[in-house]
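Student: I should like to go through the reasoning behind the labels attached to a structure. May we take them one at a time?

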Amino acid sequence: MPNARPQRSDLIAKLAIALATALLYTLAYTVNETFDELAVYAQGVSLIFLPAGVRTVMILVGGRWAALGAGVALAFMARGIWPEMSLPVLVGYAAVSSVTA
């Protein structure tokens, strides 16, 4: 009879996917900020937005664990973008953004 409990190495691999996604998403956002002068069309509208592509590819590869990593990264980064927003609003924004990718 197969073991119903998840293996420890399986959990570590899934957490590594979430962490890698969070790091890549944050890196893509940081790189994208350097191109803001060239790619921003209007406030909040960028012609090139690298994090969207990174998030989509990572979620296709890593599944829901990658979505979790992207959501956590976005929740932390959103605090710097909208400091006046409350934490529940930022977490809700990050969750909706990650699930709809």
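Tutor: The discussion below sets each value against its criterion; the model is predicted.

Student: How do you know that the span of helix 1 agrees with its number of residues?

Tutor: Helix 1 covers residues 8–34, which makes 27 residues. At 1.5 Å a residue these should span 39 Å, and the end C-alpha atoms are 39 Å apart, so the two values agree.

Student: Why is N32 called buried?

Tutor: The relative accessibility of N32 is 4%. Buried means under 20%, so N32 counts as buried.

Student: What does N32 touch, leaving out residues up to four places away in sequence?

Tutor: N32, which lies in helix 1, touches S46, I48, F49, L50 and P51.

Student: Which residues of helix 1 are buried, and what covers them?

Tutor: The buried residues in helix 1 are A18, T21, A22, Y25, A28, Y29 and N32. Their cover includes helix 2 (36–39), strand 2 (45–46), helix 3 (50–62) and helix 4 (64–81).

Student: What makes the pair D10 and K14 a salt bridge?

Tutor: The closest N and O atoms of D10 and K14 are 3.4 Å apart. The criterion asks for a Lys or Arg side-chain nitrogen within 4 Å of a carboxyl oxygen of Asp or Glu, and therefore the pair qualifies. In general, side chains of opposite charge can pair when their charged atoms come close. The structure holds one salt bridge.

Student: How are D10 and K14 placed along helix 1?

Tutor: D10 and K14 are four residues apart in helix 1, so about one helical turn separates them.

Student: Why are D10 and K14 called partly exposed?

Tutor: The relative accessible area is 34% for D10 and 29% for K14.

Student: What makes G92 partly exposed?

Tutor: G92 is found in helix 5 (residues 87–99). Its relative accessible area is 32%; the limits being 20% and 50%, G92 is therefore partly exposed. G92 and L74 are 18 residues apart in sequence, and their C-alpha atoms are 10 Å apart in space.

Student: How do helix 3 and helix 4 pack, and which residues meet?

Tutor: The axes of helix 3 and helix 4 are 6 Å apart, at an angle of about 145 degrees. From helix 3, R55, M58, I59 and G62 meet R64, W65, A66, A67 and A70 of helix 4. The residues of this contact comprise six nonpolar, one polar and two charged.

Definitions and conventions: Residues are numbered from 1 along each chain as its sequence is written. This is a predicted model: local features need pLDDT of at least 70, side-chain atom pairs count only at pLDDT 80 or more; totals for chains, interfaces and linings use all residues. Side-chain values use heavy atoms; hydrogens and water are left out. Helices (H or I, at least four residues) and strands (E, at least two) are DSSP runs, numbered from the N terminus. The expected span of a helix is 1.5 Å times one less than its number of residues. Buried means under 20% relative accessible area, exposed over 50%, partly exposed in between (1.4 Å probe, protein chains only). Contact means heavy atoms within 4.5 Å. Axes are lines fitted to C-alpha atoms, for helices over the stretch in contact, and angles run from 0 to 180 degrees between N-to-C directions. Ala, Val, Leu, Ile, Met, Phe, Trp, Tyr, Cys and Pro count as nonpolar, Asp, Glu, Lys and Arg as charged, and the others, Gly among them, as polar.
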